[in-house]
Amino acid sequence: MQKYIVRGGRPLYGEVRISGAKNAAVAIIPAALLVDGVCRIENVPQISDVTVLLKILDRLGANIRFLNPTDVEIDCRGVRTTHVPQELAHKLRASYYLIGALLGRFGSAEVSMPGGCNFGGVRPIDQHVKGFAAMGADVREGDYIVANAKGGRMKGASVYLDVVSVGATMNIMMAASLAEGTTIIENAAKEPHIVDLANFLNSMGANIKGAGTDTIRVFGVDSLHGGTYAIIPDQIEAGTYMAAVAATGGEVLVRGIIPKHMDCITAKLQEMGVTVEEKDDTLLIRREGALSRTNVKTLPYPGFPTDMQPQITTVLALAQGTSIVTEGVWDNRYRYVGELMRMGAQIHVEGRTAIVEGVSHLKPATVQAFDLRAGAAMVVATLAAPGTSEITGVQYIERGYEDIVGKLRSLGADIQSVEYSDDEEFIQRQIG
Ligand code: EPU
(Lines give C-alpha, C1' and ligand atoms only; values in the text may rest on other atoms or scores of the structure.)
Protein backbone atom coordinates (compact mmCIF):
# COMPACT_ATOMS: atom_id res chain seq x y z
CA MET A 1 0.00 0.00 0.00
CA GLN A 2 1.01 3.61 -0.47
CA LYS A 3 0.74 6.54 1.91
CA TYR A 4 1.65 10.19 1.47
CA ILE A 5 4.17 11.97 3.67
CA VAL A 6 3.56 15.70 3.62
CA ARG A 7 5.82 18.34 5.15
CA GLY A 8 3.35 21.19 5.25
CA GLY A 9 3.45 24.89 5.89
CA ARG A 10 4.94 25.96 2.55
CA PRO A 11 3.08 28.24 0.17
CA LEU A 12 2.52 26.91 -3.36
CA TYR A 13 3.93 28.68 -6.42
CA GLY A 14 3.95 27.84 -10.12
CA GLU A 15 1.62 26.41 -12.75
CA VAL A 16 -0.53 23.31 -12.82
CA ARG A 17 -2.29 21.79 -15.84
CA ILE A 18 -5.71 20.26 -15.19
CA SER A 19 -6.52 16.79 -16.56
CA GLY A 20 -9.70 15.53 -18.21
CA ALA A 21 -12.81 15.41 -16.01
CA LYS A 22 -13.19 12.19 -14.06
CA ASN A 23 -16.97 12.32 -13.86
CA ALA A 24 -17.22 12.90 -17.62
CA ALA A 25 -14.69 10.17 -18.44
CA VAL A 26 -16.43 7.55 -16.30
CA ALA A 27 -19.63 8.09 -18.32
CA ILE A 28 -18.13 8.60 -21.78
CA ILE A 29 -16.03 5.41 -21.63
CA PRO A 30 -19.07 3.15 -20.99
CA ALA A 31 -21.00 5.16 -23.62
CA ALA A 32 -18.51 3.84 -26.19
CA LEU A 33 -20.48 0.58 -25.90
CA LEU A 34 -23.25 2.29 -27.88
CA VAL A 35 -21.00 3.11 -30.82
CA ASP A 36 -20.76 0.94 -33.93
CA GLY A 37 -17.21 1.97 -34.80
CA VAL A 38 -13.97 3.19 -33.27
CA CYS A 39 -14.21 6.00 -30.68
CA ARG A 40 -11.06 7.97 -30.21
CA ILE A 41 -11.35 9.64 -26.81
CA GLU A 42 -8.80 12.33 -25.99
CA ASN A 43 -7.85 14.07 -22.74
CA VAL A 44 -8.67 10.94 -20.72
CA PRO A 45 -7.45 11.41 -17.12
CA GLN A 46 -4.85 8.88 -15.96
CA ILE A 47 -6.68 7.76 -12.82
CA SER A 48 -7.52 4.36 -11.46
CA ASP A 49 -11.31 4.66 -12.04
CA VAL A 50 -10.61 5.04 -15.78
CA THR A 51 -8.25 2.05 -15.81
CA VAL A 52 -10.87 -0.11 -14.08
CA LEU A 53 -13.56 0.89 -16.61
CA LEU A 54 -11.28 0.18 -19.56
CA LYS A 55 -10.49 -3.23 -18.03
CA ILE A 56 -14.23 -3.93 -17.77
CA LEU A 57 -14.78 -3.02 -21.43
CA ASP A 58 -11.81 -5.20 -22.37
CA ARG A 59 -13.33 -8.14 -20.45
CA LEU A 60 -16.61 -7.59 -22.27
CA GLY A 61 -14.78 -7.99 -25.58
CA ALA A 62 -13.92 -4.40 -26.58
CA ASN A 63 -10.69 -3.56 -28.32
CA ILE A 64 -8.77 -0.88 -26.37
CA ARG A 65 -5.66 0.83 -27.73
CA PHE A 66 -3.79 3.71 -26.08
CA LEU A 67 -2.34 6.12 -28.65
CA ASN A 68 -0.52 7.99 -25.87
CA PRO A 69 -1.16 8.22 -22.10
CA THR A 70 -4.29 10.39 -22.48
CA ASP A 71 -5.76 9.39 -25.87
CA VAL A 72 -7.42 6.03 -26.23
CA GLU A 73 -9.25 4.21 -29.02
CA ILE A 74 -12.17 2.04 -27.97
CA ASP A 75 -13.88 -0.31 -30.39
CA CYS A 76 -16.87 -2.09 -28.85
CA ARG A 77 -18.07 -3.82 -32.03
CA GLY A 78 -16.77 -7.16 -30.74
CA VAL A 79 -18.71 -7.02 -27.45
CA ARG A 80 -21.09 -9.99 -27.21
CA THR A 81 -21.87 -10.29 -23.51
CA THR A 82 -24.02 -8.07 -21.30
CA HIS A 83 -22.88 -9.66 -18.03
CA VAL A 84 -20.58 -7.55 -15.82
CA PRO A 85 -19.29 -9.67 -12.94
CA GLN A 86 -19.12 -8.53 -9.34
CA GLU A 87 -15.32 -8.54 -9.07
CA LEU A 88 -15.21 -5.80 -11.72
CA ALA A 89 -18.38 -3.78 -11.06
CA HIS A 90 -17.81 -3.40 -7.33
CA LYS A 91 -14.58 -1.48 -7.90
CA LEU A 92 -16.28 1.76 -8.83
CA ARG A 93 -19.54 3.60 -8.47
CA ALA A 94 -19.69 4.56 -12.13
CA SER A 95 -20.16 0.92 -13.16
CA TYR A 96 -23.88 1.79 -13.08
CA TYR A 97 -23.36 3.53 -16.45
CA LEU A 98 -22.78 0.09 -17.94
CA ILE A 99 -26.48 -0.64 -17.33
CA GLY A 100 -27.72 2.27 -19.47
CA ALA A 101 -25.11 1.67 -22.17
CA LEU A 102 -25.73 -2.10 -22.40
CA LEU A 103 -29.51 -1.62 -22.34
CA GLY A 104 -29.22 0.94 -25.13
CA ARG A 105 -27.01 -1.26 -27.28
CA PHE A 106 -28.34 -4.78 -26.61
CA GLY A 107 -31.66 -4.27 -24.85
CA SER A 108 -30.36 -6.19 -21.85
CA ALA A 109 -27.86 -5.82 -19.01
CA GLU A 110 -26.75 -7.87 -16.04
CA VAL A 111 -24.47 -5.73 -13.90
CA SER A 112 -23.40 -6.42 -10.33
CA MET A 113 -24.51 -3.67 -7.93
CA PRO A 114 -21.98 -0.83 -8.19
CA GLY A 115 -19.37 -0.25 -5.48
CA GLY A 116 -17.10 2.77 -5.15
CA CYS A 117 -16.69 5.58 -2.64
CA ASN A 118 -18.95 5.32 0.33
CA PHE A 119 -18.94 8.56 2.26
CA GLY A 120 -21.50 7.50 4.79
CA GLY A 121 -25.11 7.44 3.66
CA VAL A 122 -26.99 5.33 1.18
CA ARG A 123 -26.40 5.90 -2.53
CA PRO A 124 -29.67 4.81 -4.15
CA ILE A 125 -30.21 4.26 -7.89
CA ASP A 126 -34.02 4.24 -7.83
CA GLN A 127 -34.20 7.15 -10.33
CA HIS A 128 -32.05 5.24 -12.84
CA VAL A 129 -34.35 2.24 -12.47
CA LYS A 130 -37.46 4.41 -12.78
CA GLY A 131 -36.13 5.80 -16.07
CA PHE A 132 -35.30 2.38 -17.51
CA ALA A 133 -38.70 1.03 -16.47
CA ALA A 134 -40.50 3.98 -18.10
CA MET A 135 -38.61 3.08 -21.28
CA GLY A 136 -40.03 -0.41 -21.25
CA ALA A 137 -37.36 -2.36 -19.39
CA ASP A 138 -38.11 -4.99 -16.80
CA VAL A 139 -35.56 -4.27 -14.03
CA ARG A 140 -34.81 -6.62 -11.14
CA GLU A 141 -32.55 -5.57 -8.31
CA GLY A 142 -30.58 -8.05 -6.22
CA ASP A 143 -26.86 -8.77 -6.07
CA TYR A 144 -27.09 -8.04 -9.78
CA ILE A 145 -29.26 -5.54 -11.60
CA VAL A 146 -30.87 -7.54 -14.35
CA ALA A 147 -32.65 -5.42 -16.96
CA ASN A 148 -34.36 -6.50 -20.16
CA ALA A 149 -36.10 -4.23 -22.65
CA LYS A 150 -39.44 -5.50 -23.89
CA GLY A 151 -39.03 -6.50 -27.53
CA GLY A 152 -35.24 -6.16 -27.20
CA ARG A 153 -35.10 -2.39 -27.74
CA MET A 154 -35.65 0.54 -25.38
CA LYS A 155 -38.60 2.80 -26.17
CA GLY A 156 -38.69 6.57 -25.81
CA ALA A 157 -40.62 7.85 -22.77
CA SER A 158 -41.06 10.88 -20.54
CA VAL A 159 -39.17 10.64 -17.28
CA TYR A 160 -39.49 13.17 -14.46
CA LEU A 161 -36.63 12.77 -11.98
CA ASP A 162 -37.81 13.12 -8.37
CA VAL A 163 -34.31 14.26 -7.37
CA VAL A 164 -31.77 15.99 -9.57
CA SER A 165 -29.42 13.09 -10.23
CA VAL A 166 -26.26 13.27 -12.33
CA GLY A 167 -26.05 9.50 -12.66
CA ALA A 168 -29.72 8.96 -13.56
CA THR A 169 -29.65 11.78 -16.13
CA MET A 170 -26.59 10.34 -17.88
CA ASN A 171 -27.74 6.73 -17.63
CA ILE A 172 -31.14 7.53 -19.16
CA MET A 173 -29.45 9.56 -21.93
CA MET A 174 -27.36 6.51 -22.81
CA ALA A 175 -30.27 4.10 -22.77
CA ALA A 176 -32.30 6.55 -24.88
CA SER A 177 -29.74 7.29 -27.60
CA LEU A 178 -30.53 4.14 -29.59
CA ALA A 179 -34.14 3.80 -28.39
CA GLU A 180 -37.18 3.77 -30.62
CA GLY A 181 -38.73 7.24 -30.36
CA THR A 182 -38.10 10.26 -28.17
CA THR A 183 -37.18 10.37 -24.50
CA ILE A 184 -37.75 13.49 -22.44
CA ILE A 185 -35.86 13.82 -19.16
CA GLU A 186 -37.32 16.49 -16.89
CA ASN A 187 -35.68 17.89 -13.76
CA ALA A 188 -32.42 16.75 -15.33
CA ALA A 189 -29.01 17.48 -13.81
CA LYS A 190 -27.06 20.28 -15.53
CA GLU A 191 -23.43 19.57 -14.57
CA PRO A 192 -20.73 20.21 -17.19
CA HIS A 193 -20.22 16.45 -17.51
CA ILE A 194 -23.89 16.04 -18.55
CA VAL A 195 -23.25 18.41 -21.46
CA ASP A 196 -19.98 16.61 -22.21
CA LEU A 197 -21.67 13.21 -22.47
CA ALA A 198 -24.36 14.69 -24.75
CA ASN A 199 -21.68 16.30 -26.93
CA PHE A 200 -19.78 13.01 -27.12
CA LEU A 201 -22.89 11.06 -28.13
CA ASN A 202 -23.98 13.76 -30.61
CA SER A 203 -20.52 13.76 -32.20
CA MET A 204 -21.03 10.01 -32.81
CA GLY A 205 -24.44 10.61 -34.46
CA ALA A 206 -26.88 10.79 -31.54
CA ASN A 207 -29.59 13.46 -31.45
CA ILE A 208 -29.71 14.97 -27.95
CA LYS A 209 -31.03 18.47 -27.31
CA GLY A 210 -31.18 20.57 -24.15
CA ALA A 211 -28.26 19.09 -22.16
CA GLY A 212 -27.26 21.70 -19.59
CA THR A 213 -30.92 22.68 -19.01
CA ASP A 214 -33.68 21.12 -16.87
CA THR A 215 -35.21 19.35 -19.85
CA ILE A 216 -33.26 17.05 -22.14
CA ARG A 217 -34.76 15.53 -25.28
CA VAL A 218 -33.16 12.44 -26.75
CA PHE A 219 -34.41 11.57 -30.24
CA GLY A 220 -33.48 7.91 -30.66
CA VAL A 221 -31.39 6.96 -33.72
CA ASP A 222 -30.69 3.53 -35.24
CA SER A 223 -26.92 3.52 -34.81
CA LEU A 224 -23.94 5.61 -33.72
CA HIS A 225 -20.75 5.89 -35.75
CA GLY A 226 -17.13 6.19 -34.64
CA GLY A 227 -15.36 9.52 -34.22
CA THR A 228 -12.99 11.58 -32.11
CA TYR A 229 -13.91 13.45 -28.95
CA ALA A 230 -11.90 15.32 -26.27
CA ILE A 231 -13.11 15.25 -22.65
CA ILE A 232 -13.58 18.59 -20.83
CA PRO A 233 -11.19 19.63 -18.03
CA ASP A 234 -11.95 18.56 -14.48
CA GLN A 235 -13.78 21.28 -12.53
CA ILE A 236 -13.17 19.55 -9.20
CA GLU A 237 -9.48 18.86 -9.77
CA ALA A 238 -9.04 22.55 -10.63
CA GLY A 239 -11.07 23.58 -7.58
CA THR A 240 -8.95 21.35 -5.35
CA TYR A 241 -5.74 23.10 -6.46
CA MET A 242 -7.46 26.46 -5.91
CA ALA A 243 -8.41 25.36 -2.39
CA ALA A 244 -4.85 24.18 -1.74
CA VAL A 245 -3.46 27.62 -2.64
CA ALA A 246 -6.12 29.29 -0.50
CA ALA A 247 -5.07 27.14 2.46
CA THR A 248 -1.28 27.38 2.06
CA GLY A 249 -0.91 30.85 0.54
CA GLY A 250 1.19 31.53 -2.56
CA GLU A 251 0.35 32.08 -6.23
CA VAL A 252 -0.55 29.39 -8.76
CA LEU A 253 -1.69 29.54 -12.38
CA VAL A 254 -4.28 26.81 -12.98
CA ARG A 255 -4.15 26.01 -16.70
CA GLY A 256 -6.36 24.25 -19.21
CA ILE A 257 -9.72 24.90 -17.53
CA ILE A 258 -13.10 26.27 -18.62
CA PRO A 259 -13.39 29.37 -16.33
CA LYS A 260 -17.21 29.39 -16.56
CA HIS A 261 -17.30 25.97 -14.87
CA MET A 262 -15.26 27.42 -12.02
CA ASP A 263 -17.54 30.42 -11.26
CA CYS A 264 -19.26 28.81 -8.26
CA ILE A 265 -15.89 27.97 -6.65
CA THR A 266 -14.18 31.23 -7.67
CA ALA A 267 -16.99 33.29 -6.08
CA LYS A 268 -16.59 31.58 -2.69
CA LEU A 269 -12.81 31.90 -2.65
CA GLN A 270 -13.10 35.59 -3.52
CA GLU A 271 -15.52 36.08 -0.61
CA MET A 272 -12.80 34.58 1.57
CA GLY A 273 -10.24 37.15 0.39
CA VAL A 274 -8.45 35.01 -2.21
CA THR A 275 -7.55 36.76 -5.46
CA VAL A 276 -8.72 34.91 -8.58
CA GLU A 277 -7.88 36.37 -12.00
CA GLU A 278 -9.33 34.83 -15.15
CA LYS A 279 -7.52 34.89 -18.49
CA ASP A 280 -8.43 32.65 -21.45
CA ASP A 281 -8.32 29.06 -20.18
CA THR A 282 -6.44 29.88 -16.98
CA LEU A 283 -7.12 31.16 -13.49
CA LEU A 284 -4.43 32.81 -11.39
CA ILE A 285 -4.98 32.15 -7.68
CA ARG A 286 -3.20 34.24 -5.07
CA ARG A 287 -3.60 34.27 -1.30
CA GLU A 288 -1.54 36.69 0.76
CA GLY A 289 -3.48 37.92 3.78
CA ALA A 290 -5.81 36.23 6.25
CA LEU A 291 -8.83 34.25 5.07
CA SER A 292 -12.30 35.60 5.86
CA ARG A 293 -15.23 33.49 6.96
CA THR A 294 -18.14 32.73 4.67
CA ASN A 295 -21.08 30.35 4.31
CA VAL A 296 -21.25 27.61 1.69
CA LYS A 297 -24.23 25.53 0.58
CA THR A 298 -23.69 22.71 -1.88
CA LEU A 299 -26.30 22.32 -4.60
CA PRO A 300 -26.59 20.72 -8.03
CA TYR A 301 -24.83 22.72 -10.80
CA PRO A 302 -24.60 25.70 -11.17
CA GLY A 303 -24.54 25.67 -7.36
CA PHE A 304 -21.43 25.04 -5.30
CA PRO A 305 -20.37 21.42 -6.01
CA THR A 306 -20.69 18.82 -3.28
CA ASP A 307 -17.46 17.29 -4.55
CA MET A 308 -15.67 20.46 -3.34
CA GLN A 309 -17.35 20.51 0.08
CA PRO A 310 -14.60 18.72 2.07
CA GLN A 311 -11.86 20.87 0.47
CA ILE A 312 -13.66 24.21 1.06
CA THR A 313 -14.51 23.21 4.63
CA THR A 314 -10.80 22.62 5.18
CA VAL A 315 -10.00 26.12 3.92
CA LEU A 316 -12.75 27.59 6.12
CA ALA A 317 -11.22 25.78 9.11
CA LEU A 318 -8.35 28.27 8.67
CA ALA A 319 -10.50 31.39 8.13
CA GLN A 320 -11.14 34.10 10.72
CA GLY A 321 -14.57 33.71 12.31
CA THR A 322 -17.40 31.22 12.13
CA SER A 323 -18.52 29.74 8.82
CA ILE A 324 -21.54 27.57 8.12
CA VAL A 325 -21.35 24.78 5.54
CA THR A 326 -24.58 23.11 4.42
CA GLU A 327 -24.51 19.91 2.38
CA GLY A 328 -27.45 20.11 -0.01
CA VAL A 329 -26.82 17.00 -2.13
CA TRP A 330 -25.79 14.04 0.05
CA ASP A 331 -27.25 12.98 3.41
CA ASN A 332 -23.90 12.38 5.01
CA ARG A 333 -20.63 13.73 3.72
CA TYR A 334 -18.79 14.85 6.86
CA ARG A 335 -16.94 11.69 7.84
CA TYR A 336 -13.61 13.45 7.18
CA VAL A 337 -14.37 16.12 9.81
CA GLY A 338 -13.07 13.87 12.60
CA GLU A 339 -9.71 13.69 10.80
CA LEU A 340 -9.58 17.48 10.43
CA MET A 341 -10.36 17.85 14.13
CA ARG A 342 -7.40 15.59 14.94
CA MET A 343 -5.36 18.28 13.18
CA GLY A 344 -6.80 20.97 15.44
CA ALA A 345 -9.77 22.14 13.36
CA GLN A 346 -12.84 23.21 15.33
CA ILE A 347 -15.92 21.93 13.55
CA HIS A 348 -19.29 20.89 14.87
CA VAL A 349 -21.53 18.81 12.61
CA GLU A 350 -25.30 18.73 13.03
CA GLY A 351 -27.07 16.73 10.34
CA ARG A 352 -26.27 18.32 6.99
CA THR A 353 -24.68 21.41 8.58
CA ALA A 354 -21.12 21.97 9.73
CA ILE A 355 -20.30 24.95 11.95
CA VAL A 356 -16.67 25.80 11.41
CA GLU A 357 -14.83 27.97 13.96
CA GLY A 358 -11.68 29.12 12.20
CA VAL A 359 -8.30 28.44 13.83
CA SER A 360 -4.98 30.16 13.09
CA HIS A 361 -3.23 26.97 11.98
CA LEU A 362 -3.65 23.20 11.74
CA LYS A 363 -1.31 20.73 13.46
CA PRO A 364 0.38 17.86 11.64
CA ALA A 365 -1.08 14.37 12.19
CA THR A 366 -1.51 10.94 10.64
CA VAL A 367 -4.88 11.06 8.93
CA GLN A 368 -6.91 8.78 6.75
CA ALA A 369 -8.55 9.40 3.38
CA PHE A 370 -11.98 7.79 3.77
CA ASP A 371 -13.05 8.52 0.21
CA LEU A 372 -11.89 10.48 -2.82
CA ARG A 373 -12.86 14.03 -1.84
CA ALA A 374 -12.25 13.41 1.88
CA GLY A 375 -8.76 12.42 0.74
CA ALA A 376 -8.42 15.64 -1.26
CA ALA A 377 -9.35 17.56 1.91
CA MET A 378 -6.62 15.70 3.81
CA VAL A 379 -4.11 16.75 1.16
CA VAL A 380 -5.19 20.41 1.46
CA ALA A 381 -5.07 20.24 5.27
CA THR A 382 -1.68 18.58 5.53
CA LEU A 383 -0.14 20.97 2.98
CA ALA A 384 -1.28 23.86 5.18
CA ALA A 385 -0.20 22.36 8.53
CA PRO A 386 3.41 23.21 9.44
CA GLY A 387 5.28 19.95 10.22
CA THR A 388 5.17 16.36 8.98
CA SER A 389 1.83 14.63 8.40
CA GLU A 390 0.93 11.32 6.84
CA ILE A 391 -2.13 10.37 4.81
CA THR A 392 -3.23 6.75 4.51
CA GLY A 393 -5.98 5.39 2.24
CA VAL A 394 -4.49 7.30 -0.69
CA GLN A 395 -5.80 4.71 -3.17
CA TYR A 396 -9.09 6.63 -2.90
CA ILE A 397 -7.39 9.86 -3.89
CA GLU A 398 -5.78 8.21 -6.90
CA ARG A 399 -9.17 7.07 -8.18
CA GLY A 400 -9.81 10.65 -9.22
CA TYR A 401 -6.67 12.81 -9.18
CA GLU A 402 -4.08 12.30 -11.90
CA ASP A 403 -0.52 12.41 -10.55
CA ILE A 404 -1.50 14.57 -7.56
CA VAL A 405 1.87 14.05 -5.92
CA GLY A 406 3.83 15.06 -9.05
CA LYS A 407 1.61 18.08 -9.72
CA LEU A 408 1.90 19.35 -6.13
CA ARG A 409 5.66 18.78 -6.06
CA SER A 410 5.94 20.92 -9.20
CA LEU A 411 4.27 23.71 -7.15
CA GLY A 412 6.91 23.38 -4.44
CA ALA A 413 4.97 21.14 -2.06
CA ASP A 414 6.97 18.66 0.00
CA ILE A 415 4.83 15.55 -0.54
CA GLN A 416 5.89 12.04 -1.37
CA SER A 417 4.19 8.70 -1.84
CA VAL A 418 5.85 5.80 0.00
CA GLU A 419 5.13 2.09 0.49
CA TYR A 420 3.94 0.96 3.89
CA SER A 421 2.39 -2.07 5.54
CA ASP A 422 -0.94 -2.57 7.38
CA ASP A 423 0.94 -3.22 10.64
CA GLU A 424 2.71 0.09 10.37
CA GLU A 425 -0.60 1.91 9.83
CA PHE A 426 -2.11 0.24 12.91
CA ILE A 427 0.78 1.27 15.14
CA GLN A 428 0.89 4.82 13.80
CA ARG A 429 -2.83 5.34 14.35
CA GLN A 430 -2.48 4.24 17.97
CA ILE A 431 0.32 6.79 18.43
CA GLY A 432 -1.34 9.55 16.34
N1 EPU B 1 -30.31 10.00 -5.62
C2 EPU B 1 -31.47 9.32 -5.37
N3 EPU B 1 -31.83 8.34 -6.27
C4 EPU B 1 -31.09 8.04 -7.37
C5 EPU B 1 -29.91 8.76 -7.60
C6 EPU B 1 -29.53 9.74 -6.71
O7 EPU B 1 -32.16 9.56 -4.40
O8 EPU B 1 -31.48 7.16 -8.12
C9 EPU B 1 -29.91 11.07 -4.70
C10 EPU B 1 -28.59 10.76 -4.01
O11 EPU B 1 -28.76 9.99 -2.85
C12 EPU B 1 -28.05 12.14 -3.74
C13 EPU B 1 -28.57 12.98 -4.92
O14 EPU B 1 -29.67 12.24 -5.45
O15 EPU B 1 -28.62 12.63 -2.56
C16 EPU B 1 -27.57 13.24 -6.03
O17 EPU B 1 -27.01 12.03 -6.49
P18 EPU B 1 -26.46 11.85 -7.98
O19 EPU B 1 -27.20 10.76 -8.64
O20 EPU B 1 -26.41 13.19 -8.65
O21 EPU B 1 -24.98 11.34 -7.71
P22 EPU B 1 -24.18 10.25 -8.53
O23 EPU B 1 -24.53 10.33 -9.96
O24 EPU B 1 -24.26 8.92 -7.86
C25 EPU B 1 -22.21 11.80 -9.17
C26 EPU B 1 -20.74 11.83 -8.96
C27 EPU B 1 -20.45 12.17 -7.52
C28 EPU B 1 -21.11 13.49 -7.16
C29 EPU B 1 -22.60 13.48 -7.51
C30 EPU B 1 -23.27 14.81 -7.32
C31 EPU B 1 -19.94 10.15 -10.53
C32 EPU B 1 -19.40 8.82 -10.75
N33 EPU B 1 -20.21 10.49 -9.29
O34 EPU B 1 -22.72 10.79 -8.33
O35 EPU B 1 -19.06 12.32 -7.46
O36 EPU B 1 -20.95 13.75 -5.79
O37 EPU B 1 -22.77 13.08 -8.88
O38 EPU B 1 -22.65 15.79 -8.11
O39 EPU B 1 -20.13 10.93 -11.46
C40 EPU B 1 -16.93 12.27 -6.54
O41 EPU B 1 -16.50 12.55 -7.66
O42 EPU B 1 -16.24 12.30 -5.50
C43 EPU B 1 -18.33 11.89 -6.40
C44 EPU B 1 -18.81 11.26 -5.35
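**Close-up views of a predicted model**

View 1. A backbone N or O atom of Val166 sits 2.7 Å from an oxygen atom of the ligand. That is a polar contact, meaning a pair of N or O atoms within 3.5 Å. This is a predicted model: local features need pLDDT of at least 70, side-chain atom pairs count only at pLDDT 80 or more, and totals for chains, interfaces and linings use all residues. Residues are numbered from 1 along each chain as its sequence is written, and side-chain values use heavy atoms, with hydrogens and water left out. Gln127 also places a backbone N or O atom 2.7 Å from an oxygen atom of the ligand. Trp330 uses a polar side-chain atom, 3.1 Å from an oxygen atom of the ligand. On its own the ligand has 830 Å² of accessible area (Shrake-Rupley method, 1.4 Å probe). The protein covers 90% of that area.

**View 2. The shell around the ligand.** Around the ligand are 23 residues, each with a heavy atom within 4 Å of it. Gln127, Ser165, Val166, Asp307 and Val329 come nearest. By class, the shell has 11 nonpolar, six polar and six charged residues. Helices H1 (22-31), H5 (126-134), H6 (166-177) and H12 (372-384) each supply at least two of the shell residues. Helices are DSSP runs of H or I, at least four residues long; strands are runs of E, at least two.

**View 3. A strand pair.** Strands E8 (residues 137-141) and E9 (residues 144-149) pair in the antiparallel sense over five bridges. Pairing takes at least two DSSP bridges. Asp138 stands opposite Asn148 in E9. A hairpin of two residues joins E8 to E9.

Conventions. Polar contact = N/O pair within 3.5 Å; in protein donor to acceptor, adjacent residues only side chain to side chain. Nonpolar A, V, L, I, M, F, W, Y, C, P; charged D, E, K, R; others polar.
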